[in-house]
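Here are a few exercises to work through with the coordinates open. Try each one before reading its solution.

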Amino acid sequence: MTPEENFERLQLTLPPPPEPLGVYKPFLVDGNYAYVSGHGPLISKGHFIMGRIGEQLTAEEGKAAARQVGLAILATLKANLVSLNRIERVIKILGMVNATNQFHQHPYIINGCSELFAEIWGNDNGIGVRSAVGMANLPDNIPVEIEAMFKLALPIN
């Protein structure tokens, strides 16, 4: 199945593509690669999942927030590329987790996004290299921020 067929099969609902909250581009193509700036768990325009994991949010809630970040990234991809079929594979994701000092399951949290991408592009193309790190805090107390890099399918028109 194609990524778009997988997207339809999963009956996913995307938030609106997030707007920049600073001086940066949320999406950039350079050669055969698409870069997506750090995205948060956007629910609707201007509304994010909030809270620190291990304090206001459980690990399961944090993982769900990471999946929501993945949906926000998909919204940005679709807004800029029109079709997820234009992505050949996930190259890398960097997941940042807003968690207490006692919380040590950062990779588990970022699995929420990684598992979503594997559902869209399959295990071969949907799983790339990854880092999952803990942060003392993230903007506006969001629980997760993720940036990603994708290889574009050729040809790009």
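The expected span of a helix is 1.5 Å times one less than its number of residues, and helices (H or I, at least four residues) and strands (E, at least two) are DSSP runs numbered from the N terminus. This is a predicted model, where local features need pLDDT of at least 70, side-chain atom pairs count only at pLDDT 80 or more, and totals for chains, interfaces and linings use all residues. Residues are numbered from 1 along each chain as its sequence is written, and side-chain values use heavy atoms, with hydrogens and water left out.

**Exercise 1.** Work out the strand order of the open sheet and find its edges.

*Solution.* Pair the strands first (DSSP must find at least two bridges between them). The five strands then run S1-S2-S7-S5-S6, with mixed pairing. S1 (27-30) and S6 (129-135) each have a single partner strand, so one side of each lacks a neighbour in the sheet. Now zoom in: S2 (residues 33-39) and S7 (residues 144-152) are antiparallel over five bridges, and Val36 has Ala148 in S7 as its bridge partner.

**Exercise 2.** Is Asn98 buried or exposed?

*Solution.* Buried means under 20% relative accessible area, exposed over 50%, partly exposed in between (1.4 Å probe, protein chains only). Asn98 has 0%, so Asn98 is buried. Asn98 sits in strand S5.
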